[in-house]
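Thanks, everyone. I'll keep this brief. Please look at the sequence and the model as I put them up.

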Amino acid sequence: MTEYKEQVEKHRKLMEAEKWARGVQHIHVHQLTSMWYEQRPYDMKDGAVTDTIFNDGTIQRRLPNGGLVFLENERLMGDELIDAWERATHNICICGEQDCEEEYEHWTHGY
Ligand SMILES: [Zn+2]
């Protein structure tokens, strides 16, 4: 019976986390080729790009010419997504610290 309850609870969390996953975490207008997730440094040669980072890690990029691409990065799913959602609802930075003062740095240059 307890196991059943746990499954139901996990399912509930996953539903919440999946809703949260589609939200925007971060919008970053920049011309840096040093972002920790960068795979397309050539995108910046004609100007700044606008990266929209969603809560599940999906990154959508608006190119200087107006085109739209998705970066080929890992998306969070399942337990990882639940973990990220739980961390985010407690305002924990990617470095693991709560209310991190260097959050911007950590997002732009990793940690
Ligand atoms: Zn941090």
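A definition to start: a residue counts as buried if 20 or more other C-beta atoms lie within 10 Å of its own, as exposed if 12 or fewer do, and as partly exposed in between, with C-beta atoms placed from the backbone. This is a predicted model: local features need pLDDT of at least 70, side-chain atom pairs count only at pLDDT 80 or more, and totals for chains, interfaces and linings use all residues. Residues are numbered from 1 along each chain as its sequence is written.

Helices first. They are DSSP runs of H or I, at least four residues; strands are runs of E, at least two; both are numbered from the N terminus.

Which residues of α2 are buried? In this helix, residues 78–88, they are L81, A84 and W85. Down the axis of α2 they fall within an arc of 100°, so they line one face. The arc is taken from the directions from helix axis to C-beta atoms. They pack against α1, residues 2–21. Contact means C-beta atoms, placed from the backbone, within 7 Å.

Now α1. Of its 20 residues, two are buried, so α1 lies largely in the open.

On to the sheet. Four strands make an open, antiparallel sheet, ordered β1-β2-β3-β4. The edges are β1 (24–30) and β4 (68–70), each pairing on one side only. Pairing requires at least two DSSP bridges between the strands. Strands β2 (residues 49–54) and β3 (residues 59–62) are antiparallel, with four bridges. D51 has R61 in β3 as its bridge partner.

How values were computed: Contact = placed C-beta atoms within 7 Å.
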